[in-house]
Amino acid sequence: MSIIDKLKSLFGPSGSNGAVAPNGDMAEGGGEMISCEEALRLVHDFLDGELDSVPAGRVKAHFDVCQRCYPHLHLETAFRDAVRRAAGGGTAPSELKSKVAALIAEAEAED
Amino acid sequence: MSEVPTTARAGFEEEALPHLDAVYRFALRLCGAPDQAEDLVQETFLRAFRSWNQYTKGTAAKSWLFTICRNVYLRRRERTNRHDEIVERNTGRDGPGASPVNPVWTSVLGVDPEGDFFDSIVDARILEALDALPEEYRTAVVLSDLEDLPYAEISELMEVPVGTVKSRLFRGRRKLQEVLYAYAVEMGYIEARTGTES
């Protein structure tokens, strides 16, 4: 799944409406809105699907409404997409696959 | 020790060989050069086959192969005396416990806050920047961002705590972003921000 697909599944339609969420607001799904500092501290865990201390929905709720933080999330996503585009998804040369298969057959014959 | 069951090859072909492309991609990022990567992949799979009786079927074969691949690479690197900079000394200043505000976020404010400039950077330049990272950072970034391995598997593979994995990812990504941002400014993809930066 690409980062964009992952984000779409996390965010749904574009969420930022320009509001910077003040502390003390209620986040979607209950609980207090997390602060900007906390949202930014958790941005990598959130994108990596590795949140453990805060539910993803609360982090998502912050980025959905915070105009100040949303661009940072978008930048991190654009960065990851660029790295994936440049270095992801390549395949091994077919000759290498043949060589590995031959090595395994040879090693099996030796045993 | 060399006692391999006759069904070993079939099991190996079913569980290990499907990861050959991923191991090749990983080897390529470790070595940088395709011929060295191919050599590394061959040794990785040969060693993996010979150790196949130590592998628990149905577990994380890809991570297991990555572990062998990296260990072979590190041993070779040691032999050739090529060492990357020691990265663990830089603790405390810019780890995840530091300010979450990325300097690149500050630099692009008012110019390209959502980082669209990354789209303009050619693949070769991104690869060059990735390959220039110290191995410990590069491996963490490759395994997380390209191979989607969870922190726990990267931790086991690199034989470091999860906190260290997060720290290496944090530093590796930030360093990569800084290099790519500087390149984008140099190429005119983005205007350099003048004035104060915090």
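**View 1. Relative direction of helices α2(B) and α4(B) in the predicted model.** The axes of α2, residues 20–31 of chain B, and α4, residues 61–79 of chain B, meet at an angle of about 30 degrees. Angles under 35 degrees count as roughly parallel, and α2(B) and α4(B) are therefore roughly parallel to each other. The two axes are 10 Å apart. The crossing in which α2(B) passes α4(B) is right-handed.

**View 2. Residues in the contact of α2(B) with α4(B).** From α2(B), the residues shown are B:Ala22, B:Val23, B:Phe26, B:Ala27, B:Leu30 and B:Cys31. In α4(B) they meet B:Lys62, B:Leu65, B:Phe66, B:Cys69, B:Arg70 and B:Tyr73. Sorted by class, this contact of α2(B) with α4(B) has 10 nonpolar residues and two charged ones, with no polar residues.

**View 3. Domain 1 and domain 2 of chain B.** Chain B is divided into domain 1, spanning 8–79, and domain 2, spanning 88–186. A distance of 25 Å separates the C-alpha centres of domain 1 and domain 2 of chain B.

**View 4. The side of domain 1 of chain B that touches domain 2 of chain B.** In chain B, 10 residues of domain 1 are in contact with 12 residues of domain 2. To the domain 1 side of this contact, α2 and α4 of chain B each supply at least two residues. By class, the side of domain 1 of chain B that touches domain 2 of chain B has four nonpolar, three polar and three charged residues.

Definitions and conventions
Residues numbered from 1 in each chain as written. Chains lettered and ligands numbered in written order. Predicted model: local features only at pLDDT ≥ 70, side-chain atom pairs only at ≥ 80, totals over all residues. Axes fitted to C-alpha atoms, helices over the stretch in contact; angles between N-to-C directions. Helix = DSSP H or I, 4+ residues; strand = E, 2+ residues; numbered from the N terminus. Parallel < 35°, antiparallel > 145°, perpendicular 65-115°, else oblique. Left-handed = near helix turned anticlockwise from the far one by under 90°. Contact = placed C-beta atoms within 7 Å. Nonpolar A, V, L, I, M, F, W, Y, C, P; charged D, E, K, R; others polar. Domains from an automatic or database assignment.
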